[in-house]
Structures are given as C-alpha cells and as structure tokens.
Protein chains: 2
Amino acid sequence: MDEFALINRFFTSLGRHSHGSQADTVIQGIGDDCAVLSVPSGQSLVVSIDTLVEGTHFVAGTDPAQLAWRLLGASVSDLAAMGAEPAWVTLALTLPAADESWLKPFSAALGEGLAYYGINLVGGDTTRGPLSLSAQVHGFVPHGAALLRSGARAGDLVCVSGTLGDSRGGLECILNADIAANDYLLDRFYRPTARVSLGQHMRRYATAAADISDGLLADLQHILTASGVGATVNPDLLPISTQLAAHFDNETAKRWALSGGEDFELCLTVAPECWQVLCEKAPSLAAQLTVIGVVDTEPGLRLQTAEGTVSAAAAGFNHFASETRNS
Amino acid sequence: MDEFALINRFFTSLGRHSHGSQADTVIQGIGDDCAVLSVPSGQSLVVSIDTLVEGTHFVAGTDPAQLAWRLLGASVSDLAAMGAEPAWVTLALTLPAADESWLKPFSAALGEGLAYYGINLVGGDTTRGPLSLSAQVHGFVPHGAALLRSGARAGDLVCVSGTLGDSRGGLECILNADIAANDYLLDRFYRPTARVSLGQHMRRYATAAADISDGLLADLQHILTASGVGATVNPDLLPISTQLAAHFDNETAKRWALSGGEDFELCLTVAPECWQVLCEKAPSLAAQLTVIGVVDTEPGLRLQTAEGTVSAAAAGFNHFASETRNS
C-alpha cells in the first residue's frame, strides 16, 4: 500500500459517520468509482465547488484544522445563500506529501465540521502536488424555492446577517504584528460559520440572496446585476461588532465591512411588506438581520455619505472582488 | 474587472450550451452561489471528483486541449463504471496566471468534450496557484441499478472492454525519444474515451464493474476486495492492440496491459449464463468485451503462466496502484 493509500484511510473513516437528517440519502459512499446518492422527492439539488490554494488563500504553515473549518464554512455558505439544507460533500485534496502530522488535525477538524453542519463526506480524490483543497457541497431545496440572486426588485430592503468586517479584522491581526490579536476576530477569520438555518428560514421572506465572500459591495453587486436593478447603501447602518470597533478606527471598520470579504454572512433583499411580517412573526430571525439600504431602479451601487449619495466606485470601491467565482 | 473575472467569461459561455438528453435538468447553471439541478424521478445521482496536477499527472507544457480531454475522459469513465448516464460537471481550475493562450484551446476542447459526452457545465471556481484541474462529474442511474464493485461472485467471468496498455504505450512514446511516436497510442494517452454507452448497457448483464484507471490488476483487485472474492487471469487472453503489439515486444505489451493504467476501459464481472445471453442477444456488446479470467472463492489475484498459476504479487505485480482514489 503506498503512502497515499494511507491518506485515504483517514477519509474512508470519516465517510463512515452519518450526519444530519439526510444521512439515509447515501446509498453508496466512499469506496466505489462513484458515490450513489438519492435526492428526496420534491427537492432540487444545489451544488457549489470551492478551492483554497496555499499562497493565494492562506499562508504556508496555516493550521490544518483551521483550513478544514474555512473550507467547509466557505463552501456551506454557498448552500446557505440558496436557502438549502446541506447534505453531502466531496473533497479533492492535493498534498506535497502524506504527512500524518498534517492529516491528523485536518481530518479531526473536518469530522467536527461535518457533524456541525450535518453534512456527509461521500467521495474524494487525494493527489500529490502543491497544497490545495477543493470541496464540492451538495444540498437540497424544495422545487422552485431556491433563493436566487436574480429576484431583487426596486423598493426591496437590503439586509445583512451578523456583523461585517470581522474576518478582515482577524486577517489584519495575523498580518500586522503591531495589532493586538483578538480571539473573536481571529476566530471569525479562521472559522467562519455558514448561516445555514437563517438561509432556509429566509426562503419565505427574501426575494434574492448571496453570501458575503468577496465583500458586501461585490456580492450585493452580484445580486443587482443578476436582478437588473441598483441599490443605495447607508454605511452608517452597517453592523459592526464591538470587537472590530474596539480594535480599529471607525473609517477602517466601515471600509472592511463594505469590502473586506470572507465574512460568510448573508446579503438578502426583502420586500418592505415582507420585512414587516418578518419582524412581527419571526422576531428572532429579524434580530439576526440589519437593514442597510434599499434597492433602486437605477443600475449601480451608491453610498449615502455626509456629502450626499455617491457611487461606490467614486467612493473608492471600484475594485470590489478579491477573487471571482463562476458559480 | 480583474483578470480572473475574465477567465470566468470562458466558462460562463461554455455553461450556456446545453448538451445531451439531460439539458433540461439544469434549473440554474453558472451565475449564482450554487447551481440548482433536478434529478429525474426514479433515478439515483452518482458523483465522482478527480484531480490532475501538473508535475504529478502531466508534465509542464502539456497541450491544454489534451488536458481538457483527459480530465473529462478520466472523470466520465467513473460514471461509465457505474452504468450511469452523464449529466453535469463542475470544474475547479487553479492557474498560475490568466493566460489567454492557454485558456482558449482549453475551453475550446472542453466545449467539444462536453458535447461529445452530452454533459453540461453547471459551475466552477477559478483560482490562482500552481496548475491543477479538478472536475466533479454527476450522472443518473435508475434506483438500485448502479454497477457496484461489490457484486462479483465466484464463477463469474472477468471481462474487459477494448484493448489494454495503449495509454502506457503512448506515454512511453512521449518519454523515450528512441521510440517512434505512434498517433494511435498517443491519442489513447491524451484523449481517453470513457465507455459510457457500454457501461449503461452492461447494467443488465454484469455483477460488478470498475474502470481501469490504476491498471487492470489494481482495479480488478478493487472489485475482488469489495466483493470478498479472488480471481485468476490468463495474460495470454489480454486484448492488445495491433499498434501496441507492433511497437513493443510481447512481454512488455502484456505487462502494460496488466498494470499500465489510464486506459479508461471497463473491467466487469459477468455470470456465465448472462455471458451466454449477452453473446446471443447483444453480439455487438459482446464484441466490445474480452473474457480474460474467472472469479474464484479464494481471495487474491492469480495469473496463469507457463509455470502454472502464480499470485500476481509473486509475478512481480505487488505495486499495482500508481495512484489511489478514495472514491
């Protein structure tokens, strides 16, 4: 048995654990040419593939446990943005060597993440080469109920979940020795939490959704482009954590909330009357969201500033995307 | 728009073309956080993910069109081994730079391959880093009808499709300047053809199947292990192409047929009475297959030689796998 066959033992073992309500949808998991899977009746399948590359998405020497959580968090966040229930994941792992001191903490953390999200590892491919990790996640959503980017209408409120800019704050703590490390901010960077439950609940209220991976402005622009509309955002309304506010000046915190990326919160558009219903009927959901702007008929993305309304590009946000995904 | 956003244009364009009988199963293709897909009623979903890494699976400077064909061929071959009908593919592409002279021939060949296999590109992720390509293929098979590795029974005939060893012959032509290049052998290496139609037809005749990616002995051993049986193979029965026989001596050709890998033919086990029916009712299928051995109750893999029956390991085939997949 070669050393890469040994690697497969780690993942075959993980694949034996069943997670979540969809565990019985795995007919044949790891161990054949393909996995054989069953999509429940009345459900659509939603899928997304994401890659993390050493030197591009993380620095050499990053804790493998943190990589496992980031890979899963970033991938499952795409399911959350569709309002989908996570079901399965496949993993394509490229490693320079079969290093057990890397594989043990990675697979242990991956196992924890699979259990946390209720997602089953059903297949993979392990190859030798420069360190890189691709995950494809699969989830279910009732037919016709997926939250698409294309449903936003003029007049809708723009909402975001949680707080924004924390992940970038954590990254700054890592990159700059003169910034005091903050466990909360570091955790938001290393271990993003996909908003799975919120996404599923928002299927009945939102007109469109995207997860905030490239930064709020970039991801909101994806919604606006797909929907053929524009929006105006008030930066003073951005939800900023007390930890981010305590560590960085107000302008910096706002800039990261607008464009920092990798928060893996949700950006949603909600018709005003639905927002009203949401606040009345589901106050615990409403409490997870902050209204930060409104959808307009005029294409483009604008910011409300002390000097009036200016285009986001004119305000210096013309390079939104740190990376662009084609799914 | 950054340079990697330009890359996505190539694939967004490819994603707009519909291929095969399952084109209408794509509800939302490239352009949202996830693809939204519909698995036809009565069908199971089968999935497999495969990675090609520069320096491990191909040398630097390999023609990108050939990479596209190899990636698709190797991936779709896993669907063929399950008896599945190809439906969708997602692509995770890591590139050192957004080099149009690489991207144009790659995406053109990928488009041809998608059309050839009737498979729809539904998502992807493009990232910067050392050249590497991962594809996840998705297909359909009627509930309960997937060809698994675990179904072989003692007495079954061991069959293989096409001819074996050609891909390794092509690789030798590339690596050794003193071997005359042969277009047929090179094409078998660069542009493997997955046996999709054969796999689907063999659902009704075969007890088990695997595709020959790691070499016949390694992949047959996967079937035997999963089924809890053994087999005896007669190397004199191995199907060897006239081109391979013309270019290499008999012993070399046989060795590559047994262990060369990347042929992407199918290895199947068929009960003798089903083989009889197959020959009578579907002679055109039988003509694509060669019986090379028989399944035994005794675990392990044996070869019939002039000196009698010896274990494959004793005959020098103890390192079967050039690479091991965990799905």
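User: What makes Arg149(B) and Asp32(A) a salt bridge?
Analyst: This is a predicted model, so the answer rests on computed coordinates. The closest N and O atoms of Arg149(B) and Asp32(A) are 3.8 Å apart. The cut-off is 4 Å between a side-chain nitrogen of Lys or Arg and a carboxyl oxygen of Asp or Glu, so the pair qualifies. Side chains of opposite charge can pair when their charged atoms come close.

User: How many salt bridges does the rule find across the interface of chain B and chain A?
Analyst: Four salt bridges are found there. Polar contacts across the interface of chain B and chain A come to 20 residue pairs, with both partners at pLDDT 80 or more.

User: Which strand of chain B gives the most to the side that touches chain A?
Analyst: Strand S3 of chain B, residues 43–53, with nine residues. By class, the side of chain B that touches chain A has 27 nonpolar, 23 polar and 11 charged residues.

User: How many residues are in contact between the two chains, and what area is buried?
Analyst: Contact links 61 residues of chain B with 62 residues of chain A. The buried area between them is about 4900 Å². Carbon and sulfur atoms give 52% of that area.

User: Why are S3 of chain A and S2 of chain B called paired strands?
Analyst: Pairing needs at least two bridges, and three join S3(A), residues 43–53, to S2(B), residues 35–37, so the strands pair. They run antiparallel. One of the links is between Val46(A) and its bridge partner Val36(B).

User: How do you know whether Asp50(A) and Asp78(A) gather at one spot or lie apart?
Analyst: UniProt, in an unreviewed entry, lists both under "binding site". They span 29 residues in sequence, yet no two of their C-alpha atoms are more than 9.4 Å apart, so they gather at one spot. Asp50(A) sits in strand S3 of chain A.

User: What about the "binding site" annotation on Gly124(A), Asp125(A), Arg149(A) and Ser213(A)?
Analyst: That annotation also comes from an unreviewed UniProt entry. The four positions span 90 residues, and the farthest two C-alpha atoms are 31.4 Å apart, so they do not all gather at one spot. Asp125(A) belongs to strand S5 of chain A, residues 120–128.

User: Why does the Arg188(B) and Glu265(B) pair tie together parts apart in sequence?
Analyst: First, the salt bridge itself: the closest N and O atoms of Arg188(B) and Glu265(B) are 3.0 Å apart, within the 4 Å cut-off. Arg188(B) lies in helix H5 of chain B, whereas Glu265(B) is in the loop between helix H9 and strand S10, so the pair ties together parts 77 residues apart in sequence. Over all chains the structure holds 22 salt bridges.

User: What joins S12(A) to S13(A)?
Analyst: A hairpin does, through two residues. Four bridges join the antiparallel strands S12(A), residues 300–305, and S13(A), residues 308–311. Thr305(A) has Gly308(A) as its bridge partner.

Methods:
Residues numbered from 1 in each chain as written. Chains lettered and ligands numbered in written order. Predicted model: local features only at pLDDT ≥ 70, side-chain atom pairs only at ≥ 80, totals over all residues. Heavy atoms only, no water. Contact = heavy atoms within 4.5 Å. Buried area = accessible area lost by both parts, 1.4 Å probe. Polar contact = N/O pair within 3.5 Å; in protein donor to acceptor, adjacent residues only side chain to side chain. Nonpolar A, V, L, I, M, F, W, Y, C, P; charged D, E, K, R; others polar. UniProt positions renumbered as here; feature names shortened; annotations may be inferred.
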